[in-house]
Each structure stands twice: as C-alpha cells, then as structure tokens.
Amino acid sequence: MNYKAFMAMLARDARVARRNIVALLFQTFLQPLMFVFIFGRVMVGSGYMSPSYKSLLLPGIMALSMVGTGIWAVAMPLIAEFQFTREIEDRLLAPMDISWVAIEKVVAGTLQALAAGIMVIPAAWLLLRPGVDLSLHRPILFAIVALLVALFSACGGLALGCSVEQTHIGLMFSLVVAPMIFFGCTYYPWSALANFPIMQKVVLVNPLVYASEGLRATLVPQYPHLPLLAVFIGLLGFNALLLTVGLRQFHKKAVS
Amino acid sequence: MAAGIRTNELRKVYNTAPPLAAGGGGFSFAEKRSKGKQPKPEIVALNGISLDIRSGEIFCLLGPNGAGKSTTVGVLTTRVKPTAGQAWIGELDVWKEQSAVKRLIGVVAQRPNLDFSLTAREILVFHGAYFGQNSNERNTRAASLLERFKLTDRADQIVRGFSGGMMQRLSIARAMMHDPQVLFLDEPSAGLDPQTRLLLWEIIREYNQSGKTVLLTTHNMEEADALCQRLAIVDHGRIIAFGTPTELKASVPGGYLVRVRFGQHSPDLLERLKALTGVREVRSTENNGADLYADRGGSLVSEVANLAVAANAELCDVHISEPSLENLFLHHTGRSLRE
C-alpha cells in the first residue's frame, strides 16, 4: 500500500465534502430530525405514543442517519465517477493497487457516517428532551458498535455503488434502501415484532436490524434488544460479505 | 531512467459490458440483450499486437475508429486486462508490476476524465499528491503547468464549466504533473482548434526532447506524419504496417494514387490502364471505379481519359493523392482512413 497516495485521496474526499457541507448537512439530518420531531415530540406529546418511545426511537434514528450517510457518501460518488466520464481514472492510475482506492472510499464513508452519528445524538436529544433516558454505561462497547455500524454503511455503499448503474439510482433507493430502513428496526425495537413471528425471523437478513439493535443495546440497555453477541456476529458478518462483494464489483468496474 | 514499450502478441476479446476503461468508442453492444440466451457476441479488439517502441521516441498508432488503438493504450496503462499476450513498460511487466508501472506512465484518455468535483489547480495538486510530491513541489509544478497550458486565469474554477479544449489541455497537464517517463496520449488533438493543436504538438515535441517516450494514437495522418518518428498502422486489431513515415510512404507502389471513376463498366479497360507507363498496380473499386498506384500523378490523367474514351466508358471523376500515409492505408485495406 502507498500511504501517501491513500492519505492524499482522503484529503481529496475531505476537500469535496467540505465544499458541499451545507447540502450534506441537510441531506443527513433534515429527514431524521423531522421524523424525531413528529413521532418523538408531536405524537408522544399528544398522547398517541407512550413516552418511552422517545428513548427507543433515538438509537434507531442514529442508526438510520449513519447508514444513510455512509451509503450515500460512498455509493453516489462511485456511481457518478464510474460513468461515461470515468472521473475515477486519475485515482485508479495512482501508483498503488486499485483495491486501496476502494478501501479509501470505505474509510472516508465510515468517517462521515461516524460524524453523522455523533452529531445526531445531541440534535435529537435537544428535540426530544425531557424524557430521554440515554445511559452510556459501556462507552467502549458503544464506540465499537458505532464503528461497526459506520463500517457497514460504507461497505454497503461500496457494494451498491459498484453494482448499480446511474439510471437505476431511483430503483436502488426504492428497492434496496427503503425496505432496509422500514424493516430495519429503526422506528421500533426488534422485540416489537413478537406478534409477527415470521417477519421477526425474516428481518434478520437485514443488516440494519443489527445496527439499530446494537445501538439500542449500548445506548438504552434498559429496553429489550438483541443480545450483543448476535449484534457483533451480524455486523461483522455483513461487513465482511459486503466488503468482499464491493471489492469484487469495484475491480469489475475498474478494469475491462 | 527513460523507458521503452514492448508488447508481445496482445489479444483482447470483449464479451461483457462495454469497454469503458478502454476509453474507446467504435464498438456496438446493442444486439446483446435482444439475443436472449444465445452466446454473448465476442468482439475481437486486439488480434495479436506486437510492438517494440524505443525509449525516447515519439511513436504513433494510426488507424480508424474501432481499430484497437485505445484498447492497446488501455492494456499498456493497466486499465484493460488482455485476454492473452504480455506488455512491458521498460523492464516492468504491466500486469505483474502495476504500481511500479503506474509511476512511470502519464495517461491522457480519449475523453476528458477530469475529477469534476475539483478546480483545475486542485486537480493538478492532488494528482501530484497521489504521486507523493511534497506540498511545495506540487504547488510550484501545478502553477507552471497551468501557465504553460494557458489555464492560469481559470485555475481556481471548478472544471465542470470548462470548454472541451480547456479540459483536454488540463488532462494533458495532469498527465505531465508527475513527470512520467512514458506519456500516453489517446487521440489528443480530437476536438482541438488548429491553434491549440499546434501548441499541443509543440509541447509534445518539447517533452520528448527531454528524453521521454511518447505514444500517441490518432486517425489523423497529418498529425502522425508531422509528429512521429515511427508509427504503426492498426486495423481490426492488427498491425498492418510499421516503420518511419518516410519508409511507409515509400512502401506504396509508385507512391502516387490516382482514383478514377468511369461512366460504365468496361472489362478490358483495367488491363489497358495497367499498361500505362509508370502505373504499378491497378485495383478495381466500387461503382465502376479504379485505383491506380503509379509513380506520377497529374500527367497520367489525360492518358486515362483517352483510354476511357476509346473504351466508350466516359471518365466521371478523378482524384490525385501525392505520396501519403492515407495512400498506404488504402493500399493495405482498400478503405480510406477518412471513411
């Protein structure tokens, strides 16, 4: 690996992200925070939802923001750069193995997803308070889960970004991302599916379930959640799978 | 360390998605979907290309669109994986030592593949950074290249709004940013105005004078003739002629080409044309036409016209070409490069 080239590409991505910072912030936070406001504040305040929903909602919203940010940050530029213009070519021609170009994208996406996760907690907390019981008893476990969630979002972005054509971006969101979000235990805990036993099993193929439940387990452990072991196995497994698929697709796109 | 380029029997057969990384147009995949489960169409882009390009020369691949020029450049620049055969830059095997090869080469693709999220200056500076240049070195070099390519006044603008010519100049500046030993230019003057083309030629010659190898592809004979020390003419993935422009032009029988067309077909007219003084070869072409390869041009016309009248086949059209690479291409393939 060529450390200098790798860092230069990270610097390049940082420069582009900084240039688009306002759009990026709206894109990352507007929708999750509106959801938090309507469901956590309006619905709870008017008595349609129980007050404990606030605490259940926050980790899910954090997972949602992180995953959305990571997928978007990696997939969208890749789809654009592999198009007709072949913008990525200057990086493919940098003196290092092209797999590192893909890995740099994953690292950049992971960092953006982590930033989104860190920022959404205080924002959502401000919108929801009082009555959110965050208990960060195990900060290291929380950090590891958050890192795995961010990594999952970036690896997912790599796999999607290298598999989807520009003309199919809309389809990617309605066929892959939207079902993943709605069946990803972001707006409700996994235990809430107890009355739908088949669905409760089926959603386990959705990596977002492990992300939401993992953050729930480390932020609001007083509520029911998947065991942390299952969360780790799920996230590690999906990360490895998505990274492998993503790298293979990247090579296919990069070399003809 | 200057480096030459060698290839040995390169073959490339496409049977998958369009060869975007090859940077080349000229292939149609439109039939692929409609054929359902039938075997995928195979497109032979390279059919045994062997080249030996000396270190420090300007070498040109000349051929029509779809001949395999871009695919050859793609293989030599690690962007296209050959189906068979080997390629070397200097002593380095292109496929086995990709990172080291990438240090030696600079590439200008057929279409501008600039990083559209950055400004012109950033494109150069980040490119320098990918190649490990320190901040001082890359900033100085970027500024001098922007000046050289007359881009200083737009240096800090995002390149998305640049004209085609500006993008092309910036692509070339970027390829030179890390001072590569071998510079690949795929159709560099396509879409450039004559003035910019001359600037480009001057820059290419100057770069070559510092001992660097330049490989450029073109379908423009004048460009090949003016710039290259040696060239290869490529068609259908094969090299059909190889040598210096002078040698190649001399290899056409007679040198001159007189293309004629008659009002009607007359079988023994071709035989009589062959017998004319100075005519080396006569080939019949479509629409009652004939190509005469001869060692003279204009003075032949009246004799041809007389023969035509005698054979009751009126002369309708005459075109005289002086010795040129175009004549050579026509002689080898029966097609014009301009078609």
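Predicted model: local features only at pLDDT ≥ 70, side-chain atom pairs only at ≥ 80, totals over all residues.

**Confidence first.** Chain B averages a pLDDT of 86, and 92% of its residues score at least 70.

**Chain A.** I went through the elements and got 10 helices and zero strands. Written along the sequence, the pattern of chain A is α-α-α-α-α-α-α-α-α-α. I then checked the overall dimensions: the C-alpha trace of chain A spans about 60 × 40 × 35 Å along its principal axes. Does the radius of gyration of chain A agree or disagree with what a compact globule would have? It agrees, because a compact globule with 256 residues would come out near 18 Å and chain A has 19 Å.

**Where A meets B.** I looked up the contacts and found 23 residues of chain A touching 27 residues of chain B. On the chain A side, helix H1 (3–19) and helix H4 (89–92) each supply at least two residues. H1(A) gives the most, with eight residues. I sorted the chain A side by residue type and wrote down 11 nonpolar, three polar and nine charged.

**Domains of chain B.** Chain B is divided into domain 1 (5–249) and domain 2 (253–322). How many Å separate the centres of domain 1 and domain 2 of chain B? Taken over C-alpha atoms, I have 41 Å.

I followed strand S1 (residues 5–14) of chain B to strand S4 (residues 84–89) of chain B: they run antiparallel and are joined by five bridges. Arg11(B) stands opposite Ala84(B) in S4(B). S4(B) also runs antiparallel to strand S5 (residues 92–93) of chain B, with two bridges between them. Here Trp88(B) has Asp93(B) as its bridge partner in S5(B). The hairpin of S4(B) and S5(B) has two residues between the strands, and Gly90(B) there takes a positive phi near 60 degrees.

My next stop was an open sheet of four strands in chain B, ordered S12-S13-S11-S14 with antiparallel pairing. Strand S12 (279–285) and strand S14 (315–321) of chain B are at the edges with a single partner strand each, so one side of each has no neighbour in the sheet. I noted an average twist of 15 degrees from one strand to the next. Inside the sheet, strand S11 (residues 256–262) and strand S13 (residues 289–294) of chain B pair in the antiparallel sense over six bridges. One of the pairs I looked at is Val258(B), whose bridge partner in S13(B) is Leu292(B). Last, I checked what packs on this sheet: helix H10 (residues 267–274) of chain B does, touching S11, S12 and S13 of chain B. The direction of H10(B) makes about 160 degrees with that of S12(B).

Note on methods. Residues numbered from 1 in each chain as written. Chains lettered and ligands numbered in written order. Pairing = 2+ DSSP bridges. Axes fitted to C-alpha atoms, helices over the stretch in contact; angles between N-to-C directions. Contact = placed C-beta atoms within 7 Å. Nonpolar A, V, L, I, M, F, W, Y, C, P; charged D, E, K, R; others polar. Domains from an automatic or database assignment. pLDDT = per-residue confidence, 0-100. Rg over C-alpha atoms; globule rule 2.2 N^0.38 Å.
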